[in-house]
Amino acid sequence: MVRKYKLIFAINSLFGGGAERVISNLGNYFYKKGFDVTMVCLNEAKPAYHLEKGIKIISLVTNIRNQSFF
């Protein structure tokens with residue numbers, strides 16, 4: 001049985017900036033290595049940098065408005 005590790009990155013937003021770029025690069029790297037990657041954003045979650053299609057993005061602001069989590 002292959003165990004798939006899960007990673008969750010938490011960040012304020014995915015708008016452009018240095019931390020956002022680093023998080024995007026790390027997420028893409030680990031996703032390509034077989035990890036299940038989720039980005040949790042405290043604000044709106046529209047990414048400024050490329051993210052692989054399989055990376056999940058969760059915006060806490062949107063989920064609070066819709067009252068649904070994960």
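Modeller: Gladly! Please keep in mind that this is a predicted model. The protein has two helices and three strands, and along the sequence they come in the order β-α-β-β-α. Of its 70 residues, 33% are buried. The part I would pick is strand β2, residues 36–41.

Let us begin with how covered this strand is. Six of the six residues in β2 are buried, so the strand is largely enclosed by the rest of the structure. You can see this on both faces: D36, T38 and V40 point one way, V37, M39 and C41 point the other way, and all are buried.

Now look to either side of the strand. The open sheet has three strands in the order β1-β2-β3, with parallel pairing. Strands β1 and β3 stand at the edges with a single partner strand each, so one side of each has no neighbour in the sheet. From one strand to the next, the twist averages 20°. As background, strands of a sheet pair through backbone hydrogen bonds, and the pairing can be parallel or antiparallel.

On one side, β2 pairs in the parallel sense with β1, residues 6–11, over six bridges. To trace this pairing by eye, find V37 in β2, which is the bridge partner of L7, and then C41, which has I11 opposite.

How does the chain get from β1 to β2? The chain crosses from β1 through helix α1 to β2, and this β-α-β crossover is right-handed. Helix α1 lies across β1 and β2 and runs at about 170° to β1. With a relative accessible area of 47%, V22 is partly exposed. The C-alpha atoms of V22 and Y49 are 9.7 Å apart, although 27 residues separate the two along the chain.

Rings count as a pair if their centres lie within 6.5 Å, and as edge-to-face if their planes are over 60 degrees apart. By this rule there are three aromatic pairs. In one of them, Y29 and F30 sit 5.2 Å centre to centre with 80° between their planes, which is edge-to-face. In another, F30 and F35 have centres 5.1 Å apart and planes at 75°, so this pair is edge-to-face too. Ring pairs link Y5, Y29, F30 and F35 into a cluster.

Finally, step back to the whole chain. Among contacts between residues at least 6 apart in sequence, 49% join residues at least 24 apart. The protein exposes about 5000 Å², with carbon and sulfur atoms supplying 57% of that area. If you keep one picture from this walk, let it be β2 placed between β1 and β3 in the sheet, with α1 lying across β1 and β2.

Notes:
Residues numbered from 1 in each chain as written. Predicted model: local features only at pLDDT ≥ 70, side-chain atom pairs only at ≥ 80, totals over all residues. Heavy atoms only, no water. Phe/Tyr/Trp six-rings, centres within 6.5 Å; stacked < 30°, edge-to-face > 60°. Buried < 20%, exposed > 50% of the residue type's maximum accessible area, 1.4 Å probe, protein only. Helix = DSSP H or I, 4+ residues; strand = E, 2+ residues; numbered from the N terminus. Pairing = 2+ DSSP bridges. Right-handed = clockwise from strand over helix to strand, strands pointing away. Axes fitted to C-alpha atoms, helices over the stretch in contact; angles between N-to-C directions. Contact = heavy atoms within 4.5 Å. Areas by Shrake-Rupley, 256 points an atom, 1.4 Å probe, with all protein chains shown as cover.
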